Amino acid sequence: MIIKLVNLIKGKLFQNLGMYTLVNFINSAIPFLLLPILTSNLSKAEYGIVDIFNNLSFIFIPIIGLNIVSCVLRFYYDDSVDFNKFLSTVTSTLLVSGSVIIIVVAAFVYFTDVQVINEEIPNSVLLLALLFAFSSQIIEIILGIFRATERPLNYGLVRIVKTGLDLSLSIYCVVVLKLGWEGRIYPAVGVGLLIALIILLYLFYAYNVRLVIKKDYLRIAFKYSTPLIFHSLAGYIISFSDRFIILEYMSAEDVGLYAVAYQVGMIMSFVNNSFNQAWTPYVFSILKSGNMSKIKQLSKFNYYYFLLMIVLALSIFLIVPFIYEWFIDGEFEVDYQIVFWVLLGYAFNGMYKVLVNYLFFYKKTKKLSYITLFSAALNVIVCFYLVPLIGILGAAISTTLAFLSMFIFVLIYYHKFKKIEKVY
């Protein structure tokens with residue numbers, strides 16, 4: 001069995017996995033190493049504003065382009081579509097819907113005095129988060145293509161250049177210019193828009209993308225991606241709604257404390273994202289081939305991966321005190337239990353990700369949206385109950401329960417799914 005599993009991940013997949021891991025290590029290590037700089041130069045309230053901006057950006061991602069970008073990777077493997085024309089439809093739809101939403105929100109922000117989020121959070125943060133989400137979705141188009149075509153070097157170049165520019169400018173603005181939270185947010189938005197513009201020009205040149213929307217392809221794309229709007233939105237609610245609940249019951253300073261602890265716990269997210277970026281195209285290619293022997297090997301590999309996630313989360317928790325001692329200003333130290341629950345939550349999230357690829361391939365996105373919406377509702381309800389009782393620890397626990405819920409429901413559905421049952 002071990003030999004079969006080794007054979008399963010050897011060759012090009014292993015090379016791609018190594019490259020994605022290296023890219024994500026660099027891309028994730030840079031903001032992690034930035035923690036000492038930000039925690040030393042920003043107040044807890046300012047760090048809380050930055051974290052609210054990040055969370056709003058993630059929430060806006062499935063809304064800004066109606067989540068249509070999510071179908072790029074999947075439909076690269078669909079022989080029934082002309083991929084270049086399909087890509088034109090996806091890109092054009094994103095540009096139109098995104099521009100309309102941004103104009104409406106900009107008008108609202110600059111012509112009303114209503115405090116949308118909280119009196120501690122300026123309305124401008126709302127518009128900046130929307131612009132960042134828009135640029136991220138444009139960039140995600142080319143990243144999806146690079147994953148589908150197994151070009152991790154190209155993928156890595158885009159990710160690392162963007163992150164490097166963003167954080168270099170942020171350090172200059174925060175440390176030298178002393179711009180506070182604006183010094184972290186404005187570089188992120190500016191660099192994102194610049195890279196997005198370059199990506200658009202590349203798509204027009206390399207993939208003959210035109211500002212044309214084919215109705216047939218738009219219908220196909222929306223049938224696949226519309227349920228994923230709720231899936232993605234619910235996923236982001238699970239990951240980030242706790243900040244807004246902490247802000248409601250506590251303060252922006254407490255959001256800042258929690259955000260730093262959450263950033264440490266998200267080391268697990270780096271691990272499972274690195275793996276999944278190489279694993280997803282591989283799973284899609286095997287399912288498309290219909291090779292029953294390899295499909296069976298995939299299903300067995302999943303359970304070894306589950307065990308690895310738990311062991312890794314516990315191992316990382318052992319070094320959490322050293323991470324706080326070496327990298328984080330003492331003003332931001334919290335109960336390490338918070339980090340433990342975040343690590344455990346992202347371990348469950350990693351298990352969920354290896355199974356959810358099957359549902360994506362077989363286009364069972366509607367069922368998936370039900371699962372994530374239920375888990376998001378569970379997260380919000382438990383968080384509203386626990387945060388007033390035990391503070392930010394309650395937010396971490398509610399997040400873990402939501403990720404566990406997603407994993408259990410997808411695992412159940414994975415076993416019930418008719419096309420997957422055939423491999424047993």
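Reader: Where does N273 lie?

Author: N273 lies in helix α11, residues 267-289. Keep in mind that this is a predicted model.

Reader: What makes N273 partly exposed?

Author: Its relative accessible area is 25%.

Reader: Why is S405 called buried?

Author: S405 has a relative accessible area of 8%. Buried means under 20%. Therefore S405 is buried. S405 lies in helix α16, residues 392-416. Leaving out residues up to four places away in sequence, S405 touches F374, S375 and L378.

Reader: Now the rings. How many aromatic pairs are found in the whole structure?

Author: The search finds 20. One of them is F317 with F340.

Reader: Why is the pair of F317 and F340 called edge-to-face?

Author: The ring centres are 5.3 Å apart, and the planes meet at 70°. A pair needs centres within 6.5 Å, and edge-to-face needs planes over 60 degrees apart. Both conditions hold, so F317 and F340 form an edge-to-face pair.

The pair links distant parts of the chain: F317 is in helix α12 (residues 292-318) and F340 in helix α14 (residues 336-361). F317 is partly exposed at 27% relative accessible area. F340 is partly exposed at 26%.

Reader: Which residues do ring pairs link into a cluster?

Author: Y258, Y262, Y346 and F403. Y262 also has a charged neighbour, as R243 lies over its face.

Reader: How do you know that R243 lies over the face of Y262?

Author: R243 is at 4.1 Å from the ring centre. The distance limit is 6 Å, and there is also an angle limit of 35 degrees from the ring normal. R243 is listed as lying over the face, so the pair counts.

Reader: What makes D51 and R243 a salt bridge?

Author: Their side chains meet at 2.6 Å, N to O. The cut-off is 4 Å. So the pair is a salt bridge. D51 sits in helix α3 (residues 44-64) and R243 in helix α9, 192 residues apart.

Reader: Are D51 and R243 buried or exposed?

Author: D51 is buried, at 7% relative accessible area. R243 is buried too, at 2%.

Reader: Why is R219 called exposed?

Author: R219 has 54% relative accessibility. Exposed means over 50%. So R219 is exposed. Its salt-bridge partner is D216, with the closest N and O atoms 3.1 Å apart. D216 is partly exposed at 43%. Both residues lie in helix α9, 3 residues apart, about one turn of the helix.

Methods:
Residues are numbered from 1 along each chain as its sequence is written. This is a predicted model: local features need pLDDT of at least 70, side-chain atom pairs count only at pLDDT 80 or more; totals for chains, interfaces and linings use all residues. Side-chain values use heavy atoms; hydrogens and water are left out. Helices (H or I, at least four residues) and strands (E, at least two) are DSSP runs, numbered from the N terminus. Buried means under 20% relative accessible area, exposed over 50%, partly exposed in between (1.4 Å probe, protein chains only). Contact means heavy atoms within 4.5 Å. Rings of Phe, Tyr and Trp (its six-membered ring) pair if their centres lie within 6.5 Å; planes under 30 degrees apart count as stacked, over 60 as edge-to-face and the rest as tilted.
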